[in-house]
Amino acid sequence: MTDKPLLLVVACALVDADRRVLIAQRPESKSLAGLWEFPGGKLEAGETPEAALIRELDEELGIETKEACLAPLSFASHAYESIHLLMPLYVCRKWQGTPQAREHAALKWVRPQALRDYPMPPADEPLIAALCDLL
């Protein structure tokens, strides 16, 4: 049992035709600044994880996708200092538009095996193995 509040966030591994994964660098204005993460964000009241992800991908990257294009792959459960984070990871291979760094410092397309070369938040790290197995 923990007294930390549970925070549900959703993340997406966008996979391009070359089987590369998009990662985004957290801006200086946010906690864990400079670390690389899978795009996504917090669910709003009444939102499903899929609806939140579609909204977040539009807000953060300027791309559109549909619920049918989101495939659940894995999840992370991680205790940070003040919260416990639960983060489902979806894979998306179909979207419209070109991803742009609207809220991140930078974006990068990376081969799954190279994801460990980029410093990531502790909750994102365990998701790399599932992506490597898939791709």
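Good morning. The structure contains an open sheet of four strands in the order S4-S1-S6-S5, with mixed pairing. Strand S4 (40–42) and strand S5 (70–79) form the edges, each pairing on one side only. From one strand to the next, the twist averages 20 degrees.

Please note that this is a predicted model, in which local features need pLDDT of at least 70 and side-chain atom pairs count only at pLDDT 80 or more, while totals for chains, interfaces and linings use all residues. Residues are numbered from 1 along each chain as its sequence is written, and side-chain values use heavy atoms, with hydrogens and water left out.

A word on terms. Helices (H or I, at least four residues) and strands (E, at least two) are DSSP runs, numbered from the N terminus. Two strands pair if DSSP finds at least two bridges between them.

Within the sheet, strand S1 (residues 6–14) runs parallel to strand S6 (residues 84–92), and seven bridges join the two. Leucine 7 is opposite leucine 85 in S6, and alanine 13 is opposite valine 91 in S6. S1 also pairs with S4, here in the antiparallel sense over three bridges; alanine 11 has glycine 40 in S4 as its bridge partner.

I turn now to the helix. Which residues of H2 are buried? They are Leu127, Ile128, Ala130, Leu131 and Cys132, where buried means under 20% relative accessible area, exposed over 50%, and partly exposed in between (1.4 Å probe, protein chains only). Their cover includes S1, strand S2 (21–25), S5 and S6, with contact meaning heavy atoms within 4.5 Å.

Finally, the aromatic rings. The structure holds two aromatic pairs. Rings of Phe, Tyr and Trp (its six-membered ring) pair if their centres lie within 6.5 Å; planes under 30 degrees apart count as stacked, over 60 as edge-to-face and the rest as tilted.

Tryptophan 36 and tyrosine 118 make an edge-to-face pair, at 5.6 Å centre to centre and 70 degrees between the planes. This pair links distant parts of the chain, 82 residues apart: tryptophan 36 is in strand S3 (residues 36–37), and tyrosine 118 is in the loop between strand S7 (106–110) and H2. Tryptophan 36 is buried, at 7% relative accessible area, whereas tyrosine 118 is partly exposed, at 21%.

Why is the pair of tryptophan 95 and tryptophan 109 stacked? Because the ring centres are 6.0 Å apart and the planes are at 10 degrees. Thank you.

Definitions and conventions
Axes are lines fitted to C-alpha atoms, for helices over the stretch in contact, and angles run from 0 to 180 degrees between N-to-C directions.
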